[in-house]
Amino acid sequence: QVQLVESGGASVQAGGSLRLSCAASGAIYSAYCLGWFRQAPGKEREGVAAIYTGAGITQFADSAKGRFTISQDGAKNTLYLQMNSLTPEDTAMYYCALAPRYPGLSRLLVSYEYNSWGQGTQVTVSS
C-alpha cells in the first residue's frame, strides 16, 4: 500500500510561481511512475506532468510545457512540480498519483494507469 501526501498549494496572483510537493511512502518499488493531475470545478481530471523513475522519462500536458517542471528526490521519495507563469486557468485541485508500471509515453498522463492517489492540494490563481 502506498501513501501520497501533497503540499504546497496556495493562492497566488497570475504570473506567479508555486512548487508542489508529494511525499510518497509505503510499498514503493524501484521503478514506477509518479504524476501530477488536476481537476477544476466542473471539469474532468487531467494529467499535467508525470515521470517514469526507471528511466527519467517525463511527459507534460500541452498546457504545462514550458511553464512546469517535474522532478523527484529519490532519496526522499518526494515528487515536485514547479509551476511558473501561472494563469487563472491553472486554478484546480492538484493530485499526486503513482503507477506501479510504466504504461508507455503516450499513456503516462492517463489517470486510470495510476492506482494510488493523494488527497490533493488546492491551487488558486487570481487575475
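**Close-ups of an all-strand chain**

**View 1. The surface and overall fold of the protein chain.** About 6400 Å² of the protein chain is accessible surface, with 47% of that belonging to carbon and sulfur atoms (Shrake-Rupley method, 1.4 Å probe). This is a predicted model, where local features need pLDDT of at least 70, side-chain atom pairs count only at pLDDT 80 or more, and totals for chains, interfaces and linings use all residues. Residues are numbered from 1 along each chain as its sequence is written, and side-chain values use heavy atoms, leaving out hydrogens and water. Eleven strands and zero helices make up the secondary structure (DSSP runs: strands are E, at least two residues; helices are H or I, at least four).

**View 2. The largest nonpolar core.** There are 29 residues here, and Trp36, Leu81, Met83 and Tyr94 touch the most other members. Such a core is a set of buried Ala, Val, Leu, Ile, Met, Phe, Trp, Tyr and Cys residues joined through side-chain atoms within 4.5 Å; buried means under 20% relative accessible area (1.4 Å probe, protein chains only). Strands that each supply at least two residues of this core include β1 (2-7), β4 (33-39), β8 (78-83) and β9 (92-99).

**View 3. Around Met83.** Leaving aside neighbours within four places in sequence, Met83 is in contact with Gly16, Ser17, Leu18, Leu20, Arg67, Phe68, Tyr94 and Val123 (contact: heavy atoms within 4.5 Å).

View 4. Across the protein chain, buried residues make up 42% of the 127.

Conventions: Buried means under 20% relative accessible area, exposed over 50%, partly exposed in between (1.4 Å probe, protein chains only).
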